[in-house]
Every structure is written in C-alpha cells, then in structure tokens.
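Student: I would like to go through this model one question at a time. Where do we begin?

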Amino acid sequence: MTTVSDSSVPVVASSVGPPPRKLRAARRRRTTVFRWITVVIVGGFFLIPLYSLFESSTKNLGGRRVWDAWQAVGSLATADDPNSKLLWVGLRNSLFLVALTLIIMLVLLVPTMTWIRLRVPWMRRTMEFVCLLALTIPAIVLVVGLAPIYRQISHILSTDTIWLCFAYAVLVLPFAYRSLDAGLDAIDVKTLSEAARSLGSSWTGVILRIVIPNIRSAVVSACFISLALVLGEFTFASLLNRQNFATAIFQVGQDDGRLAMALSLVSLLVAFVLLLVLSLFSHSRKGRKGKTA
Amino acid sequence: MTTSPLAAPSLAPAGKERGGRRSFLLALPTVPFFAYVAVFLVLPTIIVIVESFRNRDGSFTLDNARRLFSANSMSVFGQSLALSATTAVIGSVVGAVLAYAIVTGSPTGPLRKILTAISSVLAQFGGVMLAFAFIATVGRNGFVTKLLADWGLHMDTTWLFEFNGFVLVYSYFQIPLMVIVFLPALDGIRPQWREATETLGGSSWTYWRRVAGPILAPAFISSLLLLFANAFSAYATIAALTNANTVVPTAIRGAMINEVSDQGNYPQVLALGMIVVVTVVMFAYARLQKRATRWLG
C-alpha cells in the first residue's frame, strides 16, 4: 500500500491546495446540468404518452376537439348506456376488492410478523422465503393453478368478482411485507410489547394499540402500494372472467377508444396523486438505523 | 393472569433451546398466515406442476412436457426471453442513470417525490392503461404519429404490435421499476467514500471504477434480474395490445381459451416452463440481493 502511494502522494498534495474547492464547485455544476438533462429526457419519455392520452381522447378523427369522452367520464355513475354501466360495476368491484384485500393483508401480516419477531425469530427466514416465492411466481402462472381452486370457491361461495380478494392478497404480499418489515425494523417491538404486556395488555391490545400506531407510516405505505396494485389488476380478473376496473376499461376500449383513453389518463393521474400524497406522508419516517430487534 | 406477562419473556430462549413441543406451540399463531399462503400460493403452484405431467384422464405422462420443446413453444419462449432481456437491459441502464440523477438532488425535494410517485404508478399500476397510452401515442391515429405526419414523416404503425413496439411499451414500466428498486442502493452510497477516494488522489473515473462501481454492481445486477423476471411475467399490457400469442403469458391465455379442444394440459406446461425460468432468475436475484446489502444496508 505505502509503496504504491509513495510516488503519488506528493503530486496529489500539491493539487489538493486551493483548486479543489473550485473543482468541486465545477463538478457540482456539472452534476446539476447532468441531472436536469436526464430528468428532461426521461421525463419527456414518461410524459409524452400521457399527454397523447389527453390529445387522443379529446380529438375526433377529423382533428376537431370533442369532449364527449370526458363528459362520459363525468357522468359515469348516473349514465344509462352499457359502457358507463360496465365501468361503474368494474370500479365498484375494484373498490370493494381494495378494501377486502387490505383487510386480509393486514390481518395476515401484522400479527404474524410481530409474533415472529417476538417469539419465533427462526421462522423469519421461512416467511421471507414465502414472500420471495409470491414475488417469483408470475400472476399468469397463479391464474392457471388458481382456476380449479376458484371453481371450488364458485361452488362454495359464488362466482362474484369480490372473491378475487383471496388471490389479490397473495399478489400484494411481497410488497406489503417489505414495507411493514422496514417499519418494524425501525421500532423496538420487543421492549414495547413487553412493556404493554407487563401493564396488563392483551395480545390484541399489543397489536392494535402498540404495534400498529408505531408503524403507522409503514402500514399506510403498504396500503397504498396494495391499493395501486389491486386497482390496476387485470390478469386474474380477465382470465377468471371477473369484472373489475381494468377489465372494464379494456372492454370499453374495444368500441369506444376515446372513453377508454380518457379513463386511462384519469386513473393514472389519480394513482399518481395518491402516491404523491403518500410520499409526503412518509416524509417523517427517517430514523431507520439503530435499534433493531 | 398477572404472573404470565412476567413469565412470558423468559419463555422465548427456553423454547428455542429445547425445541420440540414448546417451539411448535409457540409457532401456532403463525399458522393462519402459512395456511393461507399454502392454499392460495403453494397449492396453485403444485397444481400447475402436477397437472403438467398428467393427461386428461389424470394418468402420468411426459407427452405434455415434450410439447414444451415443440418448435412453437420454443419460439414463444425465445421471443419472451429476447423481449425480457432487451427491456431489462434498457430499463436497468436508463433507470439507473435516472435514479442517479435523482440521488444527486435533494433527498427531500419535490423532484424526487414527483419522480418516485410517477415511477410507482407506471411500474405497478399501469398495465392496461399503458397499452392505451401507447396506442394514443404511436397508434394509427396517435399523437406522435400525426405530429410526424405533419412534418412529412409517414410511419407504418404496425410496429407497435410487434417486437420493437413491445420493447418500447415495456421500457415504459421497466425504467420506472428500476428507479424504484435501485434508489435505495444509491442512497446507501456515502459521500465519505468519494472524499476518501479524492484524498487518496483518485479521479472521478477511479471512484466509479474502483469504489462505487464494485459496491453497486451486485445491486445493479440483482435489479436487472428483477426487471427480467418482471418483463417475463408481464401480462396485462401486452394482452391489451395484441391478440397474437407472441410471448409466453399470451400463449398461456390462448391455450386456456382453447383448453376444451386441446388434448394435453398445455397451459400448465407453458406455466411450468415459466416457473423454471423465473425460479432460476429469482434465485440468482435473492443471492445477489444478500451481497448487495453488505455495504449498502
């Protein structure tokens, strides 16, 4: 080490005097330029298709501005035509699915993850493996395997779209797990729950009144990512012949392209705003390092 | 009741050491989770694997597996692998550059928030909507198509529904996914490492070549593999774009629709092929991910 740097050190030392500050400033300027050029180019690539959605949804083939598609979006809930009905049913189904999926996801994950941290840490690897498996198996493969299971569910429960929530809970599992895991890492679950228990709290109380409030922002971000995944989900619904929001947009797109494009843009923008709000939420979640159970 | 909270903490180590019955009882509260996953994740996977080795009347056969190596299946898998590899490389390189551009800015600034929010939407929500977005852009009456036509450039728009079009559309969710998965790795880079390099006389090139590059390499390659698996599994966008069965997921759709007239369990066989590919990729991903967190945790 020393022999190698022997010759280079003096050279460096001479140039380390006053210029570096200027050098560093120059580099910072270059970095800023690089940053904005990259953001403008890639941002343009992101934005052009979105702007095109707006253009194409408001222009007829002759190139005139028409707003009928956007009026149809506005009166989705009240209009009587088949397309609006289809979309309304799809949207309602998707919203119910979001609610049910979130409940299943939280009920399955939060108590189990807390318990594993407290009492059976050796099972953590297994749980991580399960979540990696859920990330690995493609949705389209799951559909093939779930088809016979859903045939049984149709017999026992019904063919209602709402039962897709079981499959969706698996779909959101790896993402929700990652988010909740980071949240639990940031708090000292063990001490907190022991404190609660020694003050006479039940296990339900520990989960509801100690763990969940402490990992609130992780829960919120797990919910948001699940919400985005479920609202946009197409694979399961379309191949198992259920109607959700994405399949409705797809079907409408077969005969009313402008309406489908307007809806695509609206839903992308709504999802964007939701996730932006989330990022403002999770701003306070900084102190991740340190005490880990 | 009052004594149990005091006794409870001491149970944990004892249970671990003695193993057996006690740890089994301790694991009981995790049963609902694992039972659920067994029914809705493990069981479907097993069904796919078992069914692909059975024929219609339920007896064991290798005929289906042989169909996996038919010219038709091979070309579909080839197309899928080529598409996934191409878009994984494009997505990871462009995404990494964009992620780096984001990291050089303020960690709490609006630029980062807006770009990560856009990335999440495009990577995880899009699907069908992205297909419409590209039909609106470079489809027959698309915005860019018309714009180019106004400038005298008439474009043949059928390419959108072929390989190059798929590459374009896939990049639209691959680049954002790279941003999301690579940002945390870049966040782990400490400015001190660069200062240390400079103090020792290293240039920017030395820093990237000898310090940041090797540290980021495992994270980069594992992200690339994740992107590959993501493209390989993607269904919604391409299904909304075309009815042709050009990639494995759409071929599965085709096989599921024709299932009645089909003699073998072709959807299951194709799905088995996908499982094999994705398992190999994700195994490498998980291994690299562990390495990646050694420095960047």
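Tutor: Begin with a term: helices here are DSSP runs of at least four residues, numbered from the N terminus. The model is a predicted one.

Student: Is B:Asn265 buried or exposed?

Tutor: The cut-off for buried is under 20% relative accessible area. B:Asn265 has a relative accessible area of 5%, so B:Asn265 is buried.

Student: Which backbone oxygen does the side chain of B:Asn265 reach?

Tutor: Leaving aside neighbours within four places in sequence, B:Asn265 is in contact with B:Glu51, B:Arg54, B:Arg56 and B:Asn64. At 3.1 Å, the side chain of B:Asn265 reaches the backbone oxygen of B:Arg54.

Student: What area is buried between chain B and chain A?

Tutor: In the contact between the chains, 91 residues of chain B meet 91 residues of chain A. Carbon and sulfur atoms give 81% of the buried area, and that area is about 7800 Å².

Student: Which helix of chain B gives the most to the side that touches chain A?

Tutor: The contribution is 14 residues, from residues 31–51 of chain B. That element is helix 3.

Student: How many residues of the side of chain B that touches chain A are charged?

Tutor: That side divides into 63 nonpolar residues, 22 polar ones and a charged group. Between the chains the count of salt bridges is 0, and 6 residue pairs are in polar contact. The charged residues on the side of chain B number 6.

Methods. Residues numbered from 1 in each chain as written. Chains lettered and ligands numbered in written order. Predicted model: local features only at pLDDT ≥ 70, side-chain atom pairs only at ≥ 80, totals over all residues. Heavy atoms only, no water. Contact = heavy atoms within 4.5 Å. Buried area = accessible area lost by both parts, 1.4 Å probe. Salt bridge = Lys/Arg side-chain N within 4 Å of Asp/Glu carboxyl O. Polar contact = N/O pair within 3.5 Å; in protein donor to acceptor, adjacent residues only side chain to side chain. Helix = DSSP H or I, 4+ residues; strand = E, 2+ residues; numbered from the N terminus. Nonpolar A, V, L, I, M, F, W, Y, C, P; charged D, E, K, R; others polar. Buried < 20%, exposed > 50% of the residue type's maximum accessible area, 1.4 Å probe, protein only.
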